[in-house]
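My entries follow in the order of looking.

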Amino acid sequence: MLTAVITLASIALIAGIGLSVAARRLPASDGDLVERINALLPQTQCAQCGYPGCRPYASAIVDNTAAINLCPPGGEETVRRLAELLGRDIVPLVESTVPSVAVIDEALCIGCTHCRSACPVDAIVGAHHLMHSVIESECTGCELCVAPCPVDCISMRPIT
Amino acid sequence: MSAPTYDLGTLHGGLRLPGNKEQSTRNPIFEMPIPAQLVLPITQHVGDPAQPLVGIGERVLKGQLIARPDETLGAPIHASSSGTVVAIEPWPASRRFGDTAPCIVIDCDGKDEAIVPADKPADFTTLAPDDLMHRILDGGIVGLGGAVFPTAQKLMQARTCKIDHLLLNGVECEPYISCDDMLMRENAADVVSGAQILMHALQVNVCFIAVESDKPNALRALGEVLGAAKDSRIVLKQVPTIYPSGGEDQLVQLVTNREVPSGGLPTDVGCLVQNVGTAAAIHDWIIGNTPLISRVTTVTGDGVAKPVNVRARIGTTIGDIIETTGGYTDRAEMLIIGGPMTGKSVSTDRVPLVKATNCILVLSHTPSPGPEMPCIRCGDCAAVCPVQLLPQQLFWYACADDEVKLREFGLMDCIECGCCDLVCPSHIPLTADFRVAKSRIRELADEKARAARARLRFEARSQRLEREKDEREAELAMQKESAKAAGPSAIAEILKRKQKKSEDEK
């Protein structure tokens, strides 16, 4: 009788410890995992992965609908970190980009505000019919402002 | 009378290196004549570059303010002699990053005409500590031990902490360098006076002047001055000759037996460390009204004909100094700014003497320690590390680029003293590897901070767009409501009016 009680109690104890360790070590839920993946992404919000932002891409990775090598601004480093976090194999990037910032040619800018509305991180300032300018320290280099410009006055300058 | 004392804390590791200081201490400090041209970099301190206040063609006087930093961290720069500004342009400079720096170039007229001081210096004891600090800030004084942190800002930071000890660093543990030694021998009174000014600014009552045991003449000179001054608050401490006992944290440990926490500052344990040269510069400015426009520097090594200490104007080019003191020998091969352990080799002697330049070292041959071999994990490096790190483990993780482990093993506490390099039997350039790993970690941290900021901005924008959409919808709904309340006849009326208006326009 006593042996049985002790045996069962110790099994319960070991299982309990095992579960608590697992709870700490393994990601608690999908929502949590999305956050952790999002934290590894470069937050350029450039949509080059085909998703409207870094967080949606993170959710897609969790849902297993997206590969981990779709983020060009993150580079090989991000792929490596994602592979490490998710226990997947490292795969080569689909394409690579150089880190750069947008520059507005102030002589050509007509003040249409199209680029301002396109910027995902509010890094372009300027009012209607007045010259616009990029806040260089906040620009993520996502290139989303380049296409909307009607006079093609925005160019990407690599960061040296 | 303050006698040298020996009650000291302990320092882990360190090395006894051949001093090579006697060559440059045989003769007194040589007064360098005013050169034909002065080159003053606008960044001679930790912090943001100072903004030039003078234009090309403008005549400047000795001691005139020629560049001032913005409100942030930095120190002003004064003209070292009178003359005309001929250029503000990039010039070769000895810097950690990059080979050129923007400089203000002055053609000297040789008259050395000084600017009339704006106000007569008051007795510093009547000044409030904060006013005294602002005055020190105006003098362009920075830490002359080599770190060139603006002194006034260091003092202001210290005032926010509880400080009970002021430490004057006269240890100068790196081989070849002897400028502080000679300064203490010849200007001991200035150093002590500077200590008194610093103590008043900090409102502390204990000051230790730490001097290495291989400088008996400096110890004697300071002892005599202290004996005559009868200031019992200042105590002279003799510390053993071990490299790198002159590191800020190491000196605090050695003199007060308090350990500066990882990632912390000496102010966390109630200490503030200043170089003896800085103290003398503060004396020159507060009492003598001369801003920091000259400094003592050691010209030494077997590549110069006559090793000596010189007092030269800031902005004098290294080539001018070496030429005036006797020139190069035939064997001169390598020019190093700073000491042999922590200095930086430069490719041209056109670089100017800056506030940080404590030594100009010219060596005959590049010491080749032999080819790099694999680490055999002997642990010699761990035994000599003054910060008690494990360089062999750090090397391992640096090769693997493992940022987390590198942080865990305290890479950021590495003071880059170079002890581990010297003892490594496999000749691994550990310090250089650590320097690279450190900058990589800093880069990653910057990237992370940038990503976090971009994320916040993106989320704020998404929220704003959402809110704007809601507001628009709410307004539309309200308009619909009010139209409904007015009834169909009112709507018909409005439509009729609108139609009439458009017909009128046609």
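How many bridges join E2(B) to strand E8 of chain B, and do the two run parallel or antiparallel? I found 5 bridges between E2(B) and E8(B), residues 100-108. The two strands run antiparallel. This is a predicted model, and I read the pairing as such.

Next I looked up a facing pair. B:Leu40 stands opposite B:Ile104, a residue of E8(B).

Then I checked burial. Over the whole of chain B, 45% of the 506 residues count as buried.

I turned to the chain as a whole. Chain B holds 14 helices and 17 strands. Among its contacts with a separation of 6 or more, 72% are between residues 24 or more positions apart.

I looked up the dimensions. The radius of gyration of chain B is 30 Å, whereas a compact globule of 506 residues would have one near 23 Å. Along the principal axes, the C-alpha atoms of chain B fill a box of roughly 110 × 65 × 50 Å.

Last, I noted the confidence values. Chain B has an average pLDDT of 88, and 97% of the residues score at least 70. Where pLDDT is low, the predicted coordinates should not be read in detail. For the complex, the predictor gives an ipTM of 0.77 and a pTM of 0.78.

Technical notes
Residues numbered from 1 in each chain as written. Chains lettered and ligands numbered in written order. Predicted model: local features only at pLDDT ≥ 70, side-chain atom pairs only at ≥ 80, totals over all residues. Pairing = 2+ DSSP bridges. Helix = DSSP H or I, 4+ residues; strand = E, 2+ residues; numbered from the N terminus. pLDDT = per-residue confidence, 0-100. Rg over C-alpha atoms; globule rule 2.2 N^0.38 Å. Buried ≥ 20, exposed ≤ 12 C-beta atoms within 10 Å, placed from the backbone. Contact = placed C-beta atoms within 7 Å.
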